[in-house]
Amino acid sequence: MNTDQASGNWKQFKGKMKEQWGKLTDDDLTVVEGKRDQLIGKIQERYGYGKEAAEKEVKNWETQNKYRW
């Protein structure tokens with residue numbers, strides 16, 4: 001996979017993430033940019049979830065969208 005493909009895939013998944021977690025801003029997703037731990041942290045911050053709850057949501061999202069970090 002080249003850089004353009006990876007960038008295009010990330011843009012698709014950003015849209016899907018915004019559908020799932022609407023409170024995440026474009027800036028949040030730019031910071032996350034494919035980093036799972038940072039996504040979990042942003043979900044905790046925006047939704048007030050504990051780490052385990054945020055990890056569970058991300059894992060469920062990954063399974064539904066067949067996304068691998």
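This is a predicted model: local features need pLDDT of at least 70, side-chain atom pairs count only at pLDDT 80 or more; totals for chains, interfaces and linings use all residues.
Residues are numbered from 1 along each chain as its sequence is written. Local features need pLDDT of at least 70 and side-chain atom pairs count only at pLDDT 80 or more, while totals for chains, interfaces and linings use all residues.

Helix α4 spans residues 51-65; helices are DSSP runs of H or I with at least four residues. From first C-alpha to last, its 15 residues reach 21 Å, close to the 21 Å expected at 1.5 Å a residue.

| Class | Residues of α4 |
|---|---|
| Buried | A54, V58, W61, E62, N65 |
| Exposed | E52, K56, K59, T63, Q64 |

The buried residues fall within an arc of 100° seen down the axis of α4, so they line one face of the helix. Just after α4, K66 takes a positive phi of about 50°.

The whole structure holds three aromatic pairs (ring centres within 6.5 Å, with the six-membered ring used for Trp). W21 lies in the loop between α1 and α2 and W61 in α4, so the pair ties together parts 40 residues apart in sequence.

D28 sits in helix α2 (residues 26-32) and counts as buried because its relative accessibility is 3%. Leaving aside neighbours within four places in sequence, D28 is in contact with K23, K42 and R46 (heavy atoms within 4.5 Å).

Definitions and conventions. Side-chain values use heavy atoms; hydrogens and water are left out. Helices (H or I, at least four residues) and strands (E, at least two) are DSSP runs, numbered from the N terminus. Buried means under 20% relative accessible area, exposed over 50%, partly exposed in between (1.4 Å probe, protein chains only). The expected span of a helix is 1.5 Å times one less than its number of residues. The arc is that of the directions from the helix axis to the C-beta atoms. Rings of Phe, Tyr and Trp (its six-membered ring) pair if their centres lie within 6.5 Å; planes under 30 degrees apart count as stacked, over 60 as edge-to-face and the rest as tilted.
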